[in-house]
Number of protein chains: 2
Amino acid sequence: MIISSVDNPKIKYLCKLNKASFRKKEGKFIVEGKHLVKEARLKKILIEAYSIEEKEGYITVSDNVMKKITNTDTVVSEIGLCHMILKKELTDKLLILDSIQDPGNMGALMRSAKAFGFDTIVLGDGSVDIYNDKVIRSSQGAIFKLNFINAYLPDFIKSLNGYLVYGTDVVNGIPLEKVKKEAKIALVLGNEGNGISNEVKNVIEKNIYIPMDDTESLNVAVAGGIIMYELK
Amino acid sequence: MIISSVDNPKIKYLCKLNKASFRKKEGKFIVEGKHLVKEARLKKILIEAYSIEEKEGYITVSDNVMKKITNTDTVVSEIGLCHMILKKELTDKLLILDSIQDPGNMGALMRSAKAFGFDTIVLGDGSVDIYNDKVIRSSQGAIFKLNFINAYLPDFIKSLNGYLVYGTDVVNGIPLEKVKKEAKIALVLGNEGNGISNEVKNVIEKNIYIPMDDTESLNVAVAGGIIMYELK
């Protein structure tokens with residue numbers, strides 16, 4: 001049986017998951033493409049998979065239904081409905097994100113965090129939803145391999161025990177090559193336009209800067225990537 | 001006098017510059033915002049500036065005209081019409097881009113290139129136009145400080161003299177921390193999805209890889225940023 005009506009209750013439910021608020025309420029999100037559906041199945045967070053072809057283990061849907069769910073002009077071959085998993089334990093390296101807004105930057109930061117062992121990402125209130133389709137796409141599967149925590153950042157940072165917490169600041173910082181590589185490090189990155197918010201800055205003791213030539217700042221995903229590479 | 005008609009010939013001309021092909025034909029492009037207009041004036045590449053407020057040295061336009069030119073819903077306060085300048089001389093460090101498609105990645109790479117002294121960017125045929133409004137926005141002014149060369153990459157790379165040319169490859173590469181820092185280096189980065197094209201790979205002798213943990217690849221702007229930081 002093929003679901004070809006966009007009014008089918010299952011399909012309506014999936015479409016509603018395009019909204020961050022509904023994803024949060026339901027604790028579910030959608031991934032697109034064979035690679036990510038396979039990863040979700042391996043991670044045991046897949047609830048149901050949908051394909052435009054008849055395949056075992058998949059619910060078949062028509063092209064127009066798939067377009068409606070994924071909100072794209074091109075037809076995605078398959079999607080997966082997944083459970084969110086938010087964990088609480090902390091790894092030795094933390095990446096703390098204070099209002100990262102651009103989905104591409106968020107996805108790129110996830111890839112770098114995973115690559116360099118910053119296996120826990122702590123998200124402040126103002127950050128883009130990590131289950132946003134553009135974030136998932138640009139994270140290239142890193143979303144399945146990381147530990148995410150939502151927190152009010154000033155309290156979270158104050159509660160950390162045994163971590164060296166570094167912010168980034170081009171004015172009052174330690175040059176990156178002189179930063180101590182401790183076993184337990186928390187790196188705080190701020191918003192694309194405004195940097196780290198004042199309330200978060202107030203609870204950070206040390207800052208890092210990347211020496212640069214005739215440039216005010218780097219893209220935040222690039223700066224984060226360089227620092228995590230150096231401190232890995 | 002305020003230009004308030006979108007049919008004014010000057011305005012029609014500016015609107016046509018939203019197309020890459022027309023920009024190329026005319027050798028002109030538009031920058032948005034006070035900061036970039038000021039930079040363009042300093043660099044002596046500004047032809048005319050337009051503002052929604054009456055100001056000395058600016059042509060005044062109405063809000064609707066400004067929206068039409070910039071193709072945005074919000075009103076940009078001022079824009080500048082600029083000359084493109086393509087130079088031919090090479091600096092000691094070159095960044096060679098083979099089909100970078102995402103405007104955000106291109107802009108981020110420009111910022112990093114400038115920050116780490118890769119002052120010449122060589123663009124192959126398939127790359128996004130550097131005068132695209134999104135590229136200019138994300139380059140944060142770096143576009144004014146770099147030297148750009150358009151070239152057919154295989155021939156360009158073969159013609160280089162005295163440069164150590166590095167590609168990036170996760171399989172057959174030298175780990176980044178072991179790469180020699182020569183005075184004259186050319187770094188080649190490839191397309192977001194497909195990496196460096198085969199015809200370009202064929203003329204590259206050495207490749208770099210960034211050691212990573214359980215991750216297939218980094219975002220290309222992040223990878224480029226890390227390598228340029230290390231080799232600066």
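This is a predicted model: local features need pLDDT of at least 70, side-chain atom pairs count only at pLDDT 80 or more; totals for chains, interfaces and linings use all residues.
Is Tyr131(B) buried or exposed? With a relative accessible area of 7%, Tyr131(B) is buried, because a residue counts as buried under 20%. Which residues does Tyr131(B) touch, once its neighbours within four places in sequence are left aside? The contacts are Arg23(B), Phe29(B), Met84(B), Ile85(B), Ile136(B) and Ile143(B).

Staying in chain B, let's move on to a pair of helices. Helix H5 (residues 103–115) of chain B packs with helix H9 (residues 220–231) of chain B at an angle of about 10 degrees, and their axes are 9 Å apart. Angles under 35 degrees count as roughly parallel, so H5(B) is roughly parallel to H9(B). If you want to find where they meet, look on H5(B) for Asn105(B), Ala108(B), Leu109(B), Ser112(B) and Ala113(B). On H9(B), the residues making the contact are Val220(B), Ala221(B), Gly224(B), Gly225(B) and Met228(B).

Now turn to chain A and look for its own H5 and H9. Helix H5 (residues 103–115) of chain A and helix H9 (residues 220–231) of chain A have axes 9 Å apart and pack at an angle of about 10 degrees. H5(A) and H9(A) are therefore roughly parallel to each other. Here H5(A) brings Asn105(A), Ala108(A), Leu109(A), Ser112(A) and Ala113(A) to the contact, while H9(A) brings Val220(A), Ala221(A), Gly224(A), Gly225(A) and Met228(A).

Finally, step back and take in chain A as a whole. Chain A contains 9 helices and 12 strands, and its C-alpha trace spans about 65 × 35 × 25 Å along its principal axes. How much of chain A is buried? Of its 232 residues, 53% count as buried. If you consider contacts in chain A between residues at least 6 apart in sequence, 73% of them join residues at least 24 apart.

Note on methods. Residues are numbered from 1 along each chain as its sequence is written. Chains are lettered from A and ligands numbered from 1 in the order in which they are written. Side-chain values use heavy atoms; hydrogens and water are left out. Helices (H or I, at least four residues) and strands (E, at least two) are DSSP runs, numbered from the N terminus. Buried means under 20% relative accessible area, exposed over 50%, partly exposed in between (1.4 Å probe, protein chains only). Contact means heavy atoms within 4.5 Å. Axes are lines fitted to C-alpha atoms, for helices over the stretch in contact, and angles run from 0 to 180 degrees between N-to-C directions. Angles under 35 degrees count as roughly parallel, over 145 as roughly antiparallel, 65 to 115 as roughly perpendicular and the rest as oblique.
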